[in-house]
Amino acid sequence: MDNYIVSARKYRPDTFDTVVSQKALTTTLKNAINSGKLAHAYLFCGPRGVGKTTCARIFAKTINCEHLTPAGEPCNECESCVSFNQQRSYSIYELDAASNNSVEDIRSLNEQVRIPPQLGRYKVYIIDEVHMLSQSAFNAFLKTLEEPPAHAIFILATTEKHKILPTILSRCQIYDFSRIEVADIVAHLQSIATREGINAEHEALRIVAQKSDGCMRDALSLFDQMVSFTQGNLTYANVIDSLNVLDYEYYFRFADYMLSGSTAQALLLFNDVLIKGFEGNIFIDGLASHLRDVMVASDEITLSLFEGGEELAARYSSQAKRMPAKMLYRAIKLCSDCSMNYRLSRNKRLLVELTIIQLTQLLSDDADDVSGRSPKQLKPIFNKQQSQAAQAVNSTPASADGGAAACVQNEIKSTIAGTATPVSQNGNVEKSAQAGRPEALRPQAAQGRPTLGGMFRSTMATQRPQVATESAVVKGESAVADAAVAQQSKKRVTNEELSRAWMAYALSLPENERALADRMKIMQPSMNDDDSFTIAVDNELVADVFDKESKSILQGLAAELQGVRLRMNVKVNKVVVQRRVYDRTKQFDMLKTKNPVIGKLRDAFQLELS
């Protein structure tokens, strides 16, 4: 069996044209070679696996090539190119600064620089991971790097440019390598799969490219791993199973639950994700990426930012047409806040579930802001019967038996104004010329039932006549609103509901109130017998903080508790410090109090305390 060579080595670029996704840098280097304007020192910096050392090798081979091609590439046929390809060139040296970082190593390098090359025009020194050199080694290298011999060229490569001395940076031409785009990695992997006769789906290669995070070397290593796992048949399902990646079908289903407001189904979907072994932050981060793709697919202008195939892009565009833009922005903001707070949260699952509840109820919120806060009024989640009953009540038309709220308000307005408006059996207000008649001549309500206006008139008969003014109407509406608030405040809030509302408000606080949010997350409020609750703090300073923020906290809790108004009591737990007795006489008296036999023993033997 032939010796196996990994793809990262087998398909390593050997010319400038084969370097992936670094077109600007390779063009600059080729132009410098063709014009003969070569610097004495270069610094290649950038993330790992993007082609720094590869470009350094190609550059070193090209400047020593005896017969360059018209495109400025090495011929790979001359003695210099052949010796380099066979790794026996005496004109090109590679030094690993990670293991040769002492002053003695740099001094040895300075002595070798003086010797001219045996073959070719230049002696090229490639120093990889140059940031690993010690401070003394950098200082010893300064003079040689600034004024090397005419035949010497240095190429430094590093992933951490900030660790290199400014005096070294000022002596080099700096080339910044960028991360490789997902599309470029997919195209390169597809070409390798074609050469090797491997069947690879486009979506499978896209997952490999995304997992590599812009590093071609990692992408090729994952590609070899997937080929071994799938026996040369790379499918999307096999890749996500092997790389432990969440299928995008989960996110499409979750987005549909967001649109339909199916909170219970969304929570069950998240539970399935946890059962499969994924952490909550992986689900939230993946959901944020999915919503981002939906956002860029919603417009033809930004569709080019989508990194998937055409079939998948059409699916994202279809979902984007059904999702409002404001909902998308708020959903992405909620996912971002949850991802930031995930590491600090003690109950991580509850944090994600609260975010899911807010996401599935975004369409029910009428707020105009896009801050990502929870809706003002949440729909019932699990109690389906209550939800159906509330919907039936809201959709019921005004009738003679019920007396709709609008008719009641009109009756109150007319009563306060002194001109009661009759209400017909179908709940509509009768417009008649008899409204201006004296009270004795006005017709009574149908079926002899006393109306609300009649009761008001009977109680206000002894008062002076009222004039229909705007202030009286406002007072009547205010009375109805107060009655509604009083009715709503009668709802009994449990400790669990209070804890959920308390945590939801803490998570919704902005970044500049992080200290208050962190303190609220570790507190446990408890309901009292009346419509109030109590929180316990350690000292008076913290109590003053919560007293100042009480108005905002209570408003936030009312929004989470569907309008239920509570009162907050702050209790300070004073820590009682027990002082120890260090005096021997007092210690003996304390022991004698606990055990009188000790005192008798002392008197019997006439002992003294030392």
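**View 1. Five strands, S2-S3-S4-S1-S5, make up an open sheet with parallel pairing.** Strands here are DSSP runs of E with at least two residues, helices are runs of H or I with at least four, and both are numbered from the N terminus. Two strands pair if DSSP finds at least two bridges between them. At the edges sit S2 (92-96) and S5 (173-176), each pairing on one side only. On average, neighbouring strands of this sheet are turned by 20 degrees against each other, direction ignored. This is a predicted model, where local features need pLDDT of at least 70 and side-chain atom pairs count only at pLDDT 80 or more, while totals for chains, interfaces and linings use all residues. Residues are numbered from 1 along each chain as its sequence is written, and side-chain values use heavy atoms, leaving out hydrogens and water.

**View 2. Zoom in on S2 and S3 (residues 123-128), which run parallel and are joined by five bridges.** Look for Tyr 93: its bridge partner in S3 is Tyr 125. Helix H5 (residues 103-113) packs on the sheet and touches S2, S3 and strand S4 (152-158). The direction of H5 makes about 165 degrees with that of S3. Axes are lines fitted to C-alpha atoms (for helices, over the stretch in contact), and angles run from 0 to 180 degrees between N-to-C directions.

**View 3. Here helix H2 (residues 23-35) lies across strand S1 (41-45) and S5.** H2 runs at about 150 degrees to S5. Contact, by the way, means heavy atoms within 4.5 Å.

**View 4. Helices H9 (residues 202-212) and H11 (residues 236-243) pack with their axes 8 Å apart, at an angle of about 25 degrees.** That angle makes H9 roughly parallel to H11 (angles under 35 degrees count as roughly parallel, over 145 as roughly antiparallel, 65 to 115 as roughly perpendicular and the rest as oblique). From H9, Glu 203, Ala 204, Ile 207, Val 208 and Lys 211 meet Tyr 236, Val 239 and Leu 243 of H11.

**View 5. Helix H10 (residues 216-230) has 15 residues.** Its buried residues include Met 216, Leu 220, Phe 223 and Val 227 (buried means under 20% relative accessible area, exposed over 50%, partly exposed in between, with a 1.4 Å probe and protein chains only). Among the elements covering the buried residues of H10 are H1 (7-10), H8 (182-196) and strand S7 (233-234). Just past H10, Gln 231 takes a positive phi of about 60 degrees.

Note on methods. Expected span 1.5 Å × (residues − 1).
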